[in-house]
Amino acid sequence: MQNIPVILDTDIGDDCHDTWALAMLLRSPQLDLRLVTTATGDTSYLARIVARLLEVAGRSDVPIGIGISNTGRQTTLRQAAWVEGYALERYPRSVYADGVQALIDTIMSSREPMTLIAIGPLSNSAEALRREPRIADRTTLVGMHGSFN
């Protein structure tokens, strides 16, 4: 059985469930993580959390895309101490400043359909669809959302 190629779009850092989801995804042998994008709030801070977690897990082969910031949403800095002094420039793999374009490029360059696991607000997905509607035919969306604001 071939591994399923996936992208994780996350607003990691506010509480533990996105961190657990990423850790479980990394340990799932049937899934092939191709990209992690960060969504809403201070997405550069969120990317630092993702980068450090990927490094600790021995998976710094996974590229990261910095998603759309939402300056109207307050980012909770619960993991600030853990990433204090961690610079994204030290992450060994690519960190894309335009995470939406990285998402589009990853989907469009994949030989097989991509699964997008969205566990944060869908701002990156919406913008990706606006820029490149053809991704809809090449993507399965799995959305896990705990609340609506």
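**Entry 1: terms and model**

I count a residue as buried when its relative accessible area is under 20%, as exposed when it is over 50%, and as partly exposed in between, with a 1.4 Å probe and protein chains only. I am working on a predicted model, in which local features need pLDDT of at least 70 and side-chain atom pairs count only at pLDDT 80 or more, while totals for chains, interfaces and linings use all residues. Residues are numbered from 1 along each chain as its sequence is written, and side-chain values use heavy atoms, with hydrogens and water left out.

**Entry 2: Thr-40**

I looked up Thr-40 and found it in the loop between β2 and α2. Its relative accessibility is 5%, so Thr-40 counts as buried. I also noted that Thr-40 has a positive phi of about 65 degrees, although it is not a glycine.

**Entry 3: the chain as a whole**

I took helices (H or I, at least four residues) and strands (E, at least two) as DSSP runs numbered from the N terminus. On that basis I list five helices and six strands, and along the sequence they follow the pattern β-α-β-α-β-α-β-α-β-α-β. The radius of gyration of the chain is 14 Å, close to the 15 Å that the globule rule gives for 149 residues, so the chain is as compact as a globular protein of that length. For that comparison the radius is taken over C-alpha atoms, and the rule is 2.2 Å times the number of residues to the power 0.38. Along the principal axes, the C-alpha atoms fill a box of roughly 40 × 35 × 30 Å.

I then turned to burial and contacts. Of the 149 residues, 43% count as buried. With contact meaning heavy atoms within 4.5 Å, I find that, among contacts between residues at least 6 apart in sequence, 85% join residues at least 24 apart. The chain exposes about 8,100 Å², and carbon and sulfur atoms supply 53% of that area; accessible areas come from the Shrake-Rupley method with a 1.4 Å probe, and for residues only the protein chains shown count as cover.

I placed Asp-18 in helix α1 (residues 16–26). At 1% relative accessibility, Asp-18 counts as buried, and, leaving aside its neighbours within four places in sequence, Asp-18 is in contact with Thr-10, Asp-11, Ile-12 and Ile-119.

Val-50 sits in helix α2 (residues 43–56) and, at 0% relative accessibility, is buried as well. Not counting residues up to four places away in sequence, Val-50 touches Thr-10, Ile-12, Leu-22, Val-36, Thr-38 and Ile-64. I also checked Val-50 against Pro-5: the two are 45 residues apart in sequence, and their C-alpha atoms are 18 Å apart in space.

**Entry 4: an exposed arginine**

I found Arg-27 in the loop between α1 and β2 (31–38), where its relative accessible area of 72% makes Arg-27 exposed. The C-alpha atoms of Arg-27 and Ile-135, which are 108 residues apart along the chain, are separated by 27 Å.

**Entry 5: charges and salt bridges**

I counted Lys and Arg as positive and Asp and Glu as negative, leaving out His and the chain ends, and took the place of each charge as NZ of Lys, CZ of Arg, CG of Asp or CD of Glu. The chain then has 14 positive and 17 negative side chains, and the centres of the two sets lie 4 Å apart.

A salt bridge here is a side-chain nitrogen of Lys or Arg within 4 Å of a carboxyl oxygen of Asp or Glu, and the structure holds eight of them. One of these pairs Asp-32 with Arg-34, the closest N and O atoms being 2.7 Å apart; Asp-32 is partly exposed at 26%, and Arg-34 is partly exposed at 27%. Another pairs Arg-59 with Asp-61 at 2.9 Å between the closest N and O atoms, with Arg-59 partly exposed at 22% and Asp-61 partly exposed at 39%.

Arg-131 is partly exposed at 34%, and Asp-98 is partly exposed at 35%. Salt bridges that share partners join Asp-98, Glu-127, Arg-130 and Arg-131 into one network.
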